[in-house]
Amino acid sequence: MTRKTIRIKLARRLFNMRIAGIAFRDGHVLVHRATHEKFWTFPGGTAEIGESSADTLIREMKEETDCDVTLIRHLWTVENFFAFEERKWHEIGVYYLMRMPDHFPFQPEEIVHRVRDAKNDLEFKWVPADKARLEALPLQPDFIPARIADLPRTSEHLIHRESVPE
């Protein structure tokens, strides 16, 4: 079965719909990155045609961590505009608060999981959930470190413009 993802190329511009989850454990938050990149993000991936955002996150986490996650609530829908790999991106990001199962490894600030997805080698780690530590990673999107200690109680829609380090 061939998967269809929502990604539209327009010359040097791309549109993407990315779904991500924010998971906490003992004052730390789970992040991941493609090993060839210098920045970290929250785990998740690209939605497939006909797939809800919740289903996307559950599928991506199963594929990447072999874990069944619990989605707690929707946090943000973000219209994110940024430059990356010499292209301009327009991304719709959907962020959920989620819970990782207890058996998923927890060793603060160590790489706790590695996996090869369709395109990249990914690594996961737990980092302290505070603004300074998340900014120092660096973490993308860059609005989240300032808001990590005070997540919204109800869903928010945001428009955010940033620049991703090359």
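This is a predicted model: local features need pLDDT of at least 70, side-chain atom pairs count only at pLDDT 80 or more; totals for chains, interfaces and linings use all residues.

Residues are numbered from 1 along each chain as its sequence is written, and side-chain values use heavy atoms, leaving out hydrogens and water.

**Exercise 1.** Find where Thr 65 sits and what its side chain reaches.

*Solution.* Start with helix 1, residues 53–65, which contains Thr 65 (helices are DSSP runs of H or I with at least four residues, strands runs of E with at least two, numbered from the N terminus). Next, check accessibility: Thr 65 has a relative accessible area of 6% and is buried (buried is under 20%, exposed over 50%, partly exposed in between, using a 1.4 Å probe and protein chains only). Finally, its side chain reaches the backbone oxygen of Met 61 at 2.5 Å.

**Exercise 2.** Is Asp 117 buried, partly exposed or exposed?

*Solution.* First locate Asp 117 in the loop between strand 7 (111–116) and strand 8 (121–128). Its relative accessibility is 25%, so Asp 117 counts as partly exposed.

**Exercise 3.** Work out how strand 8 pairs with strand 3 and strand 7.

*Solution.* Strand 3 (residues 28–34) pairs antiparallel with strand 8 over 7 bridges (pairing requires at least two DSSP bridges); here Val 29 partners Val 127. Strand 7 also runs antiparallel to strand 8, joined by 5 bridges, with Val 115 opposite Leu 122. Lastly, 7 of the 8 residues of strand 8 are buried, so the strand is largely enclosed by the rest of the structure.

Methods
A polar contact is a pair of N or O atoms within 3.5 Å; within protein, one must be able to donate a hydrogen and the other to accept it, and residues adjacent in sequence count only if both atoms are side-chain atoms.
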